Amino acid sequence: MRRFMLLGLAALTAGLATGCTEDLFAPGVGACPAFCPPEQVAVVDTTLLDAVVNDSAYRGYVLPQEAGAMQLVADPGGALPASRVIAQFLPFAERLLLRAGDTTTGAILATDSFDIRVSVQARGGAGLELAFYRLPATADTSTTFAALDPYFADSTRLAIVAIPDTVTADTVSARFAADAFPTLDADGRVAAVGVELRAVDRGFVSLGSLEGADGPILTRHVQLDSAGVSVPRVEGKLPAVDTFVAPDVPPSSPDLLRIGGAPSARSLLRFTIPPRILDSSTVVRATLILVPAAPAVGAPGDTLHVLAQGVTVDVGAKSPLIAVLQDSVLAKRVQVLVGSADTVRLDLTTLVLAWAADSTRPRSVMVRAVPEGGAFAESLFGSSASPANRPALQITFVPPLNLGGR
Amino acid sequence: MPRAWAVWAVIAAVGTAAPLAGQTSVYGIRGLGFPGRALTPRARAMGGGLGAFDPASPINPAAVAGFVQVTAVAVAAADFRGYEVGGATVGGLHATRFPLVEVAGRLPSVRLGYSLGMSQYTERSFDVSLTDTIVLRGVDVAVTDRSSSSGGASDIRGALGWEPRAGLRIGAGVHVVTGSAKLSVSRTFSDSAYQSFRRVNEERVSGFGVSGGLIWAPTGALQVALAGRYDTEANLEVDSTPTGTVNLPVSALAGLEIRPVRALRWASTFIWRSWADADPDLSGRAFNTWELGSGLELGGREAGGSRVPLRLGARYATLPFSPTDDQAHEVDVALGTGIAFAGNRGLVDVVLERAFRSGAGARERAWQFSASLTVRP
């Protein structure tokens with residue numbers, strides 16, 4: 001009997017160590033609602049057409065010389081004007097080291113040639129060629145597209161290099177003659193190069209920039225005096241300045257929300273959400289709906305990525321953005337093809353949940369392009385002042401649910 | 001071991017063991033939950049028939065006069081369950097709880113017994129999940145809902161039982177009904193674009209009651225018992241916000257015990273409760289209930305023969321809460337025994353029950369095992 005009791009107590013102890021879940025309901029089985037708790041979760045989905053208020057667009061966040069890429073566009077006969085890259089390189093040295101690990105330098109006896117290497121980060125179109133031109137050493141970020149016209153001529157062309165149609169992301173090199181920069185010494189050994197895209201049809205190329213740690217490199221091949229003996233040496237230089245320029249375009253309607261372009265534009269949207277949704281309910285999904293006012297503009301075949309970010313403080317155009325991890329950027333950005341007039345939907349769930357949790361957070365969202373400033377692609381959306389295509393907020397929520405029903 | 005230490009050791013052992021979330025019955029999802037049975041394993045083994053006379057089963061305060069010395073009782077119970085409802089068959093459910101703990105004693109000079117204890121009034125523990133497909137933004141989205149409750153209400157009773165003369169015991173008790181349940185509802189979506197939803201509330205229930213009873217033994221072989229209990233309405237709060245009241249039942253009890261020979265005891269107890277008073281306060285239905293339990297005890301420490309008694313019992317009961325107009329009922333059969341040790345200062349009683357419940361479109365089967373430890377230092 002004692003053994004029987006011990007077994008019973010052991011079984012009781014085993015029961016203490018476990019819990020369980022009832023799988024009461026499966027699709028097609030009608031146990032509910034009779035034998036389910038009376039509280040059932042309801043989900044409501046609604047589109048708030050007047051949730052966006054006081055929205056504005058601002059330009060100038062990332063200038064072309066600050067961007068991680070430089071876009072060259074060829075659109076013969078198209079709406080988008082061509083663009084040009086300017087690269088002013090750091091000064092070459094007057095003397096060079098004869099050998100590594102030694103401080104002895106030798107005088108430069110002669111220049112044999114120059115090489116330039118550029119990085120192609122993206123491309124669109126076929127039959128593309130890069131044309132390189134000699135620019136005045138003074139060309140810099142203040143140089144306009146029109147001011148470059150005299151220097152993008154046959155007489156100043158240094159080289160033309162074809163970009164194989166198979167190349168989507170690679171480096172392209174060109175060789176210049178020894179006299180490519182005749183005033184190099186007079187210019188303090190500073191060289192400047194302009195780049196233009198040529199295409200049979202339409203196309204674009206995005207070149208890496210100094211700011212993106214992928215800028216062009218200009219290499220000089222020289223003969224060095226080594227105790228009366230001429231020895232070959234090379235010297236490469238990164239740009240001191242690199243940028244890209246395009247003709248000025250007339251400003252579009254101020255009632256539109258702009259995203260992207262170069263210099264880059266952002267749109268700040270402020271939200272007002274009914275308390276019955278934000279405070280009393282539980283939001284499970286929120287989506288910002290942006291309706292294009294016109295097809296996205298930009299280089300033919302290019303793509304714009306749009307991202308919505310919250311702001312830590314709403315001070316208008318200079319509102320600091322809430323940091324977003326790169327994984328989230330990749331997950332939440334929305335792709336817009338140039339020429340597309342499709343509605344853009346951006347996920348705001350995380351932001352709206354944060355607003356619900358903390359009423360002091362600014363209920364504002366900055367919509368921008370990622371990456372910014374390195375391309376001409378730009379989307380134009382209707383603003384809250386545009387009755388026909390104003391932005392809206394589609395929100396899915398669970399209304400208040402008071403447990404305790406019997 | 002000093003007496004006080006032994007008593008408090010039993011109380012501490014129960015008080016520090018946290019009950020795990022489990023399920024009592026599919027019939028406890030609606031209403032106030034599944035009614036607890038404030039009975040010791042000894043009384044349960046006799047189908048509840050001994051309940052009206054058992055000092056340690058807190059349903060008749062007159063029985064408190066039967067305590068002869070300082071006593072501490074703790075009960076643990078486990079059940080293993082399965083049910084069928086709406087074409088769904090669910091099995092493998094189990095739960096563990098501590099439905100009764102009590103400390104009692106007697107003032108011999110005035111033949112007054114006293115008792116303070118806590119028993120399970122109702123239990124509303126469940127954890128159910130369901131899957132469905134809903135249309136959101138024009139797309140089918142699979143959802144999984146989970147609804148759970150962990151907790152219930154306890155009945156804290158203080159009672160005095162007086163034995164003014166041999167064969168007559170009368171008693172009275174005051175009751176505090178109190179408890180809480182952690183309620184949780186959640187929904188997850190198959191589409192990760194939707195955030196999962198979860199709401200947790202704590203529900204509290206509180207009420208009061210009084211009880212009185214008597215036990216009369218006209219002969220040494222016969223005892224009869226009568227008892228009644230009146231409870232106030234229970235106040236309900238969810239997260240400290242009053243949400244309403246629910247009428248608690250009035251209870252009436254009658255018992256009969258016959259001992260034709262010293263080694264054989266036959267006891268029956270009938271209990272009626274006015275749970276229908278709660279019907280207007282609930283979304284489901286509430287019905288008055290009655291139950292009749294009867295059982296035998298052969299041998300045992302009081303019989304002077306075998307130290308190990310054999311107990312058999314059966315019980316029929318109607319259940320108070322139902323989602324439909326069909327009142328569910330329950331049939332139990334029980335088998336139990338017990339053993340004394342340490343010179344009768346310690347007792348262990350065990351019972352194994354098989355419960356059959358049906359009604360309102362569902363059928364439920366359960367094995368229930370209970371064990372008690374009684375210390376009389």
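**A close look at one strand**

Guide: Val53(A) has Arg270(A) of β17(A) as its bridge partner. The model is predicted, and local features are described where pLDDT is at least 70, side-chain atom pairs count only at pLDDT 80 or more, and totals for chains, interfaces and linings use all residues. Residues are numbered from 1 along each chain as its sequence is written, while chains are lettered from A and ligands numbered from 1 in the order in which they are written.

The strand names follow DSSP: a strand is a run of E with at least two residues, a helix a run of H or I with at least four, and both are numbered from the N terminus. Two strands are said to pair if DSSP finds at least two bridges between them. By that rule, strand β3 (residues 52-59) of chain A is joined to β17(A) by six bridges, and the two run antiparallel. β17(A) also pairs with β23(A), again in the antiparallel sense, over four bridges. Within that pairing, Leu269(A) faces Val365(A) of β23(A). In a regular strand the side chains alternate between the two faces of the sheet.

How much of β17(A) is buried? Six of its seven residues are, so β17(A) is largely enclosed by the rest of the structure. Here a residue is buried if 20 or more other C-beta atoms lie within 10 Å of its own, exposed if 12 or fewer, and partly exposed in between, with C-beta atoms placed from the backbone.

The loops beside these strands deserve attention too. Pro263(A) belongs to the loop between β16 (256-260) and β17 (265-271) of chain A, and a cis peptide bond, with omega about -5 degrees, links Ala262(A) to Pro263(A). In the loop between β23 (364-369) and β24 (378-382) of chain A lies Pro371(A). Val370(A) and Pro371(A) are likewise joined by a cis peptide bond, with omega about -5 degrees. Most residues other than glycine have a negative phi, and most peptide bonds are trans.

A further loop of the chain concerns phi. Arg189(A) is located between β10 (170-177) and β11 (192-199) of chain A, and its phi is near 60 degrees, a positive value in a residue other than glycine. Arg189(A) counts as partly exposed because 19 C-beta neighbours lie inside 10 Å.
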